[in-house]
Amino acid sequence: MAKDYPALASAIIEKVGGKDNIVSVAHCVTRLRFVLKDESKANDSEVKKVKGVIDVVHGNGQYQAVIGTDVEDAYDAAVAILGTGMVGGEVTVEKGNRNVFEKFSETISGIFFPFMGAFVAVGMLKAVLVLASSFIDGFSATGAYTILYAGADGFMRFLPFVLAITAAEKFKANRFVALAIVFPLLYPTIVSAQADGIALDFFGIPVTLVSYATSVIPPVIMAWLLAKMEGGLKKVMSKTVFSLFGYMVCIAVLVPVELIAVGPFFQFVGQLVADGILAVYNVAPVVAGMLFGGFWPVLIIFGAHAAFTPIVMNNFSTMGYDWISPLSWGCNFAMAGACLGVFLKTRNKNLKEVAGPNWVTALLAGVTEPAIYSVNLKFKRPFVIACVCSALGAVPIVISGLQRTAFIGVNLVTLPALMSFPGGWAVPITAGIGFIGSAVATYFFGFNDSMIDDPALLEDAE
């Protein structure tokens, strides 16, 4: 039976303190995210009882109700109740109880999450084209390949423009002015000068030209600087004067700052960070890989995995591929396997109805949160087993030196595309360790029906 999303949204809103206690609402892949004026007014136990809610998570200054892959329907229903004035994750109330990491993680999510759907789509298209060119002789020389590859690669090549928009929205700057400031990074004259080694100066100040295609950090920094400068000018200029000269001053000042200082400096820093992480990793790669893979599920719980997004994007920018995120790929399969182990072992009808669709969702869609919160974490041992298998699954990735050249979702359906990456032979081994290992270990050692203590699961169970 389909969920009654208006009823679901209405019940959640009521139990988090009502409309008057909500500052804003947003959503990610599986969670309905509220910013509340007073989180003490939200009743966690009552929210968890709402039919359609898997769990409640506190993190990044947000009150998060885990819904599942159909969260967008719940979000639309919530917006219909709350009004469009509450759309988005921006916070307008004092949140002094958040630490620096929470603020950083929230900012990163706000900048990078809005375009992740498109990012995954173009990555998948690129992988399909690579596979097609491998099996179809001469396909890479056809016009069809050229046109489709432009669609797949163009997004990544002009990523600075995308980041200018999302960062400007996050920092509450004018996104079109942000684009005007970031456009010079990939302006044909500037790109040609960099490629040909032509020296440029700005009134005698030398300009160090570097390649900004796929650049990540500079456009974000420039959007932040624009927000600061825009706010400052509006304080000292009248509305009329600002409308005539304000944004012109911003562009005239920030474009030279961007090309003279910000761009070269953060391009250097980005390369330094990538080289530094790789150097540390090379000291004990297997141990480092296992630690990363094993703790990745824990990072997901706290929403801290978003903090690695800039590092991954920086690797794409500086090296053309990423080697860090593949270390976590065993997690998706491990969480699916652990949930399957519970599904096979339990005789509880209610638990089977919960575990059944969630292990399938994790395996086929790569969305693990429903399996984590509704089953694995609830019974603890399946979650721990999945963490161990996720750690073990990182070992083949380390040995193969896998290079992720496109951003593709990780699940059973995308397995062939993932295997097309350099070192991709390790992917099915990682998937097998995660999925089969977790399923078998959970079935024999990680779960039995005596562990069920949730009244909702025991009610009317066989």
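**Exercise 1.** State how many helices and strands the protein has, and determine how its radius of gyration stands against the globule rule.

*Solution.* In this predicted model, the protein has 20 helices and six strands. Finally, 50% of the 462 residues count as buried, while the protein exposes about 21,300 Å², of which carbon and sulfur atoms supply 66%.

**Exercise 2.** Identify which residues of helix α19 are buried, and find the helices against which they pack.

*Solution.* Helix α19 covers residues 427–446, and its buried residues include Val427, Thr430, Ala431, Gly434, Phe435 and Ser438. An α-helix has 3.6 residues a turn, so residues three or four places apart point the same way. The buried residues of α19 pack against α14 (329–345), α15 (349–365), α17 (381–400) and α18 (415–419).

**Exercise 3.** Decide whether Phe444 is buried or exposed, and locate the nonpolar surface patch that includes Phe444.

*Solution.* Phe444 is found in helix α19. Its relative accessible area is 56%, and because exposed means over 50%, Phe444 is exposed. Together with Leu344, Ile436, Val440, Tyr443 and Phe445, Phe444 makes a nonpolar surface patch of about 640 Å². Helix α19 contributes the largest share of this patch, namely five residues.

Note on methods:
Residues are numbered from 1 along each chain as its sequence is written. This is a predicted model: local features need pLDDT of at least 70, side-chain atom pairs count only at pLDDT 80 or more; totals for chains, interfaces and linings use all residues. Side-chain values use heavy atoms; hydrogens and water are left out. Buried means under 20% relative accessible area, exposed over 50%, partly exposed in between (1.4 Å probe, protein chains only). Helices (H or I, at least four residues) and strands (E, at least two) are DSSP runs, numbered from the N terminus. Contact means heavy atoms within 4.5 Å. Patches are made of residues with over 30% relative accessible area and no salt bridge: like charges are joined within 9 Å, nonpolar side chains (Val, Leu, Ile, Met, Phe, Trp, Tyr) within 5 Å. Accessible areas come from the Shrake-Rupley method with a 1.4 Å probe; for residues, only the protein chains shown count as cover. A salt bridge is a side-chain nitrogen of Lys or Arg within 4 Å of a carboxyl oxygen of Asp or Glu. The radius of gyration is taken over C-alpha atoms; the globule rule is 2.2 Å times the number of residues to the power 0.38.
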